[in-house]
Structures are given as C-alpha cells and as structure tokens.
Amino acid sequence: MPVTVNGIDGREGIDVTSEDVQAALGERRVDVSTSRPAPTELAQLYGRLLDEGAAAVVSIHLSGELSGTCDAARAAAAEYGDRVIVVDSRNTGMGTGFAVLAAAKAARRGRGRGEVAELARRTADRTNTFFYVDTLEFLRRGGRIGAAQALLGTALSVKPLLHIRDGRVEVREKVRTSGRALARLEDLALKASGDGVVDIGVHHLGSPTPAQALVERLSDRFGSRLRDTYITEVGAVLAAHCGPGLLGVVVLPV
C-alpha cells in the first residue's frame with residue numbers, strides 16, 4: 001500500500017518501513033499519510049497471477065471501513081469475472097492475517113475458489129482484535145476514529161483500549177494507566193477465547209520487549225489451549241495510523 005512521508009510516495013515494506021514512519025512521526029513537522037493501491041496495479045497483479053497458471057485469485061484485504069483498498073480491488077477484479085474474488089476481512093493486522101492463512105491452507109488442499117473465499121470470511125468473523133495506543137491523535141488525523149472518541153485519550157489522562165467492531169475502530173474501555181490497559185488486554189483476550197483452543201497474534205510498534213512479555217503472560221494464562229502464536233511489528237500503514245507505543249492482541253478461537 002502507498003505511504004507518503006513529507007510529500008514523498010513509497011510502497012509499504014519496499015520503499016517505506018515501520019521504522020521510517022516511527023522516525024517521521026517523532027518529528028512533528030513531518031506529515032505521514034496513506035492511500036489505497038491503484039486499481040490498475042491490482043488488475044495487473046491479478047492478470048499476471050492468472051497468466052502464470054492460477055485457476056483463480058482470492059484477494060483478501062483489511063476492512064473496507066478503514067481503507068479504500070477493497071473498493072480498488074473490486075474495481076480491478078471486475079475485468080476478470082469470477083476468476084477473482086475479493087474478500088473484505090472487516091479487520092486489520094492478524095485479524096486479516098488469520099483469514100489469509102486459513103484460505104491459503106484450504107487452497108493447498110485443493111478447495112474451490114468459492115469455498116476458499118467463504119472460509120476466509122468465516123475465519124475473519126471469528127477473530128477478535130484489541131489494542132492499546134499511547135495517543136489517539138494519529139488515528140484521529142487519519143480519520144480512523146472520530147474527534148469525540150479521540151478526546152477520551154486526553155481527558156483526565158484516560159487510557160483507551162480499542163477494538164475492531166463491525167469493521168471500524170471503536171473505544172472498548174477506558175482505564176487510568178497504561179499498566180492497567182495492558183492488563184486489560186490480557187483479560188479481553190482470555191474472555192474472547194471462549195473455552196477452546198486458540199491462535200493469537202501480538203502486534204507492536206517499536207515495543208518488542210513489552211510485546212514478548214505480553215506473549216509470555218498470555219501463554220501462561222492460556223496454557224495448553226494455546227496452539228499457534230505470532231508476534232510481529234506492524235507495517236508502515238498501521239504504524240502511520242496508530243503511532244508509537246502500539247500493543248495489540250488478536251484472538252482466533254479454533
């Protein structure tokens with residue numbers, strides 16, 4: 001996805017990294033923004049994959065409520081008929097990633113395009129995403145959260161916990177300290193897991209040590225119910241909208 005830093009455009013993970021965005025956000029005079037991919041770029045990619053022998057493409061993206069990427073993908077897919085299916089995960093980060101992994105496994109097992117796409121949708125629907133940020137200012141700037149909700153992050157030193165609900169970023173709870181916020185992340189993850197086996201993803205931005213500590217605490221609390229764990233620093237796009245200090249947990253009951 002395109003990321004613009006001080007008027008210079010680059011591609012996430014190729015020209016612009018999360019470290020670049022962190023550095024830019026640290027300089028308040030530097031402007032950072034993101035945009036959707038061009039439909040022509042996506043169309044070219046779909047065409048190349050099909051020409052190289054793919055029977056079909058299931059194109060899975062972050063929430064259409066947060067980005068125009070799904071719209072761009074649908075416009076690009078239109079010229080390929082039913083050979084390209086676009087899936088709106090209604091989520092982001094590993095909330096989308098778990099859907100991608102499930103779809104990829106189904107495709108390797110020889111499932112048809114419709115079944116692969118439906119499995120991606122069902123997986124995304126079962127996924128819960130919770131996260132904490134030091135400030136809501138970056139989400140407000142990017143239009144991913146309303147100004148009224150953003151005020152909660154500054155009034156009375158409230159620390160908001162956020163989640164993805166109906167494809168949008170919303171305030172889940174308000175606590176007084178960052179320590180309490182991180183403890184509540186654990187509680188929310190445990191509650192969202194139900195009684196069965198789970199996969200979890202832990203995201204961070206410039207906070208690998210707190211992220212690792214969070215994984216260890218969650219491992220202790222889930223015990224044998226924890227199957228797979230993923231710990232990753234978010235890419236440049238999420239970095240631009242969440243800002244330094246991001247720590248999040250994504251839970252998939254399996």
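Student: Is Tyr230 buried, partly exposed or exposed?

Tutor: Tyr230 is partly exposed, at a relative accessible area of 27%. The cut-offs are under 20% for buried, over 50% for exposed and partly exposed in between, using a 1.4 Å probe and protein chains only. Bear in mind that this is a predicted model, where local features need pLDDT of at least 70, side-chain atom pairs count only at pLDDT 80 or more, and totals for chains, interfaces and linings use all residues. Residues are numbered from 1 along each chain as its sequence is written, and side-chain values use heavy atoms, with hydrogens and water left out.

Student: How many aromatic pairs are there?

Tutor: A pair of aromatic rings is described by the distance of the centres and the angle of the planes. Rings of Phe, Tyr and Trp (its six-membered ring) pair if their centres lie within 6.5 Å; planes under 30 degrees apart are stacked, over 60 edge-to-face, and the rest tilted. That rule gives two aromatic pairs here. Tyr46 and Tyr80 are edge-to-face, with 6.4 Å centre to centre and 85° between the planes. Tyr46 sits in helix H2 (residues 39–51) and Tyr80 in the loop between helix H3 (69–77) and strand S5 (84–88), so this pair ties together parts 34 residues apart in sequence. Helices (H or I, at least four residues) and strands (E, at least two) are DSSP runs, numbered from the N terminus. Tyr46 is buried at 2% relative accessibility, and Tyr80 is buried at 14%.

Phe98 and Tyr230 also pair edge-to-face, at 5.7 Å centre to centre and 75° between the planes. Phe98 is in helix H4 (residues 94–108) and Tyr230 in strand S10 (residues 226–233), distant parts of the chain 132 residues apart. Phe98 is buried at 3% relative accessibility.

Student: What is there to say about phi at Asn6?

Tutor: Most residues other than glycine have a negative phi. Asn6 has a positive phi, near 55°. Asn6 lies in the loop between strand S1 (2–5) and strand S2 (8–11), and at 49% relative accessibility Asn6 is partly exposed.

Student: And what is the phi of Arg90?

Tutor: Arg90 isn't a glycine either, yet its phi is positive, about 60°. You'll find Arg90 in the loop between S5 and H4, partly exposed with a relative accessible area of 32%.
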